[in-house]
Amino acid sequence: MARAADAVIRIEHLDKEYATEAGAVPVLKDVSVTVAPGEFVAIMGPSGSGKSTFMNILGCLDVATRGRYVLNGRDVGTLDKDELAHLRNQVIGFVFQGFNLLPRASLEDNVALPLIYRGTPRSERLARAREMLAKVGLGAYPRSHPNQISGGQQQRVAIARALVNQPKLILADEPTGNLDTATSMEIMALFTELNERDGITVVLVTHEPDIAAVAHRLVRLTDGKVIYDGPLERAAPGHMEKTP
Amino acid sequence: MTAAMLAEAWQAMGANRLRTFLTMLGMVIGVGAVILMLAVGQGAQQQVQESIASMGSNLFIILSGSTTSGGLRMGGGAAPTLTMADAAAIEELPSVAAVAPTAPGTAQLVYGPNNWSTQVMGSTPSFLTVRDWKLSAGFPFTDSDIRSATRVCLLGQTVVQNLFGDEDPVGKTIRIKNSPYVVLGVLAAKGQSLDGRDQDDTVIVPVTTALRKLFGSQFAGTVRFMMAQAESADAMPAVEKAINELLHQRHRIREGADNDFSVRNLTALANTAAETAQVMSLMLGAIASVSLLVGGIGIMNIMLVSVTERTREIGIRMAIGARGSDILLQFLLEAIIISVIGCLIGVALGVGGALLVSKFSGMAIVVTAASIFMAFAVAAAVGIFFGWYPARKAAAMKPIDALRYQ
């Protein structure tokens with residue numbers, strides 16, 4: 001476990017409730033997790049365990065009902081909308097299950113998109129985007145469009161987009177959920193490379209044990225509570241179980 | 001940053017060309033209609049103003065009253081009550097610039113083989129000042145012609161055309177009622193009056209000649225009407241009052257008795273006509289503005305659809321670091337681009353349409369820079385105004401809700 005001071009993610013006693021007509025429904029209950037720089041964490045849990053909600057909160061897309069979340073030394077609860085947008089732009093790289101590329105933009109424009117909101121000049125944006133596309137093995141066709149390439153390639157483009165601002169942290173929400181096994185493994189190899197060679201912290205949500213097995217640390221959520229948090233090797237077989 | 005946003009807005013518009021075009025069409029028609037209607041309205045206004053200017057400014061017409069002869073009431077101007085002496089007295093009043101006593105009549109004109117019947121006005125040199133009428137050739141008659149009642153005349157353009165054709169009439173002698181008159185000058189063309197009469201179909205002779213030699217009169221030295229010009233528009237009420245009092249006194253009209261003359265303010269009539277034209281112009285503009293408004297609502301409608309359709313895109317952009325203001329700017333730019341391009345096309349069509357209208361209908365058309373600028377400013381404002389709400393709606397979305405939107 002990392003020391004609290006230089007942690008990338010420090011979550012303390014976090015609760016999340018959704019307001020419904022029937023009253024507040026708790027989704028996350030007293031979750032405390034700390035992630036140190038350079039860690040590779042897999043979050044597992046059955047459907048409805050709150051792992052996607054947890055991920056959204058980690059990504060500053062959603063806010064907690066109670067508790068504290070310190071991201072890269074900044075208390076997220078005290079930030080306004082623009083500062084949160086700035087964090088999403090500079091500190092976090094997002095990878096989604098559905099890739100979430102802009103269908104009308106070329107691959108390089110998709111990858112360069114985060115740089116627009118940073119005010120980077122156009123020539124530099126495109127140079128960086130091509131560099132990142134080359135890094136994920138797609139440097140050959142920067143002017144193609146997302147519908148012209150395979151799902152695995154689209155996910156690589158999404159990863160290139162996540163990397164373009166040199167984030168400290170990559171958050172991947174079921175990044176291989178829409179991919180076949182072989183392609184999934186290629187994507188996971190890419191994450192491992194980013195984690196080991198570039199020292200980027202990776203947190204990913206998955207329900208596939210073979211995907212989680214690539215990580216070094218497992219956090220298992222059930223009914224909104226952390227029931228296991230520790231090295232992968234020491235996890236009980238039940239904690240690695242494939243979840244529907 | 002803004003350049004990148006512009007490029008993105010352009011791309012988004014290009015992605016749905018037909019829809020962008022149809023949205024723009026609303027703007028095009030709106031702006032085109034405003035420009036065209038303003039051009040037509042201002043053209044009409046200008047025509048009226050030119051007619052008014054041709055009448056002379058700050059004018060009063062003083063008519064002698066009616067008379068009754070053996071039970072027959074003779075109508076206005078029939079009573080022989082306005083005299084040359086009255087004219088001289090009115091000219092002495094303060095703020096009166098000029099007075100032109102006028103004796104009109106109709107006579108047959110002959111020059112060589114041509115003859116022409118027209119209105120002959122006996123008047124003084126002041127007539128030209130009062131009516132703001134220039135000569136296109138020759139010289140006017142003078143006060144000495146008035147004193148000696150010489151047989152001289154000034155011809156209107158229509159008369160010149162009918163008697164002389166291409167010949168130069170100055171210095172020639174024509175016959176009016178079989179007496180010879182020397183043509184001193186030719187009046188400049190004035191065109192139609194407000195009520196559609198040809199103002200150029202006229203001949204002016206000295207008033208004394210008209211009274212003594214041409215028409216004759218039972219009552220020597222009386223004229224049917226006078227035109228009086230005030231020095232300024234501001235002085236008109238005072239002048240009107242002074243003329244009334246003066247004539248009242250000179251004609252020895254008893255308290256309570258009817259006046260044997262009437263003073264009419266022509267400028268008031270002219271102003272009414274000008275105001276009518278202006279109201280028409282405004283109304284045309286207002287009607288056209290409605291189409292501009294409808295065009296604006298069209299933009300808002302499409303932008304709202306676009307925001308809903310692109311909710312997921314908004315979510316993606318927010319997830320990778322777009323601020324609310326970035327999203328706002330993006331959608332606002334799209335609305336503004338659509339309205340400004342639509343406006344440019346509309347201006348081109350409106351001006352082109354105005355030129356076509358004037359070419360084929362002969363209507364006066366005035367396209368001013370001000371009306372183009374106004375249409376442009378309104379279009380940009382409409383774009384911002386109607387683009388604001390949808391853009392605001394997009395910017396206010398929560399990133400998580402936008403991302404989850406299916």
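**View 1. Strand 6 of chain A gives the largest share of the lining of the largest cavity, 3 residues.** This is a predicted model: local features need pLDDT of at least 70, side-chain atom pairs count only at pLDDT 80 or more, and totals for chains, interfaces and linings use all residues. Residues are numbered from 1 along each chain as its sequence is written, chains are lettered from A and ligands numbered from 1 in the order written, and side-chain values use heavy atoms, leaving out hydrogens and water.

The largest cavity has a volume of about 70 Å³. Its lining includes A:Arg88, A:Phe94, A:Arg161, B:Ala319 and B:Ile320. Helix 2 (81-90), strand 6 (92-95) and helix 5 (151-163) of chain A are the elements that give two or more residues to this lining. By class, the lining has 7 nonpolar, 3 polar and 2 charged residues.

Terms: a cavity is a set of points, on a 1 Å grid over the protein atoms alone, where a 1.4 Å probe fits but cannot get out; lining residues have an atom within 4 Å of a point. Points are joined across faces, edges and corners, and a volume is the space filled by probe spheres set on them. Helices (H or I, at least four residues) and strands (E, at least two) are DSSP runs, numbered from the N terminus. Ala, Val, Leu, Ile, Met, Phe, Trp, Tyr, Cys and Pro are nonpolar; Asp, Glu, Lys and Arg are charged; the others, Gly among them, are polar.

**View 2. The second largest cavity holds about 40 Å³ of space.** Its lining has 9 nonpolar, no polar and no charged residues. Among them are A:Ile9, A:Phe54, A:Leu58 and A:Val219. Strand 2 (23-35), strand 3 (40-44) and helix 1 (51-58) of chain A each supply at least two.

**View 3. Helix 2 (residues 17-55) and helix 12 (residues 369-395) of chain B cross at roughly 155°, their axes coming within 10 Å.** The two helices are therefore roughly antiparallel (angles over 145 degrees). Axes are lines fitted to C-alpha atoms over the stretch in contact, and angles run from 0 to 180 degrees between N-to-C directions. The crossing is right-handed: the near helix is turned clockwise from the far one by less than a right angle.

**View 4. Helix 11 (residues 324-361) of chain B packs on helix 12 of chain B at about 155°, with axes 7 Å apart.** This pair is therefore also roughly antiparallel. Its contact has 21 nonpolar, 4 polar and 1 charged residues.

How values were computed
On a 1 Å grid over the protein atoms alone, a cavity is a set of points where a 1.4 Å probe fits but cannot get out, and a pocket is an open set with protein on both sides within 12 Å along at least five of seven lines; lining residues have an atom within 4 Å of a point. Angles under 35 degrees count as roughly parallel, over 145 as roughly antiparallel, 65 to 115 as roughly perpendicular and the rest as oblique.
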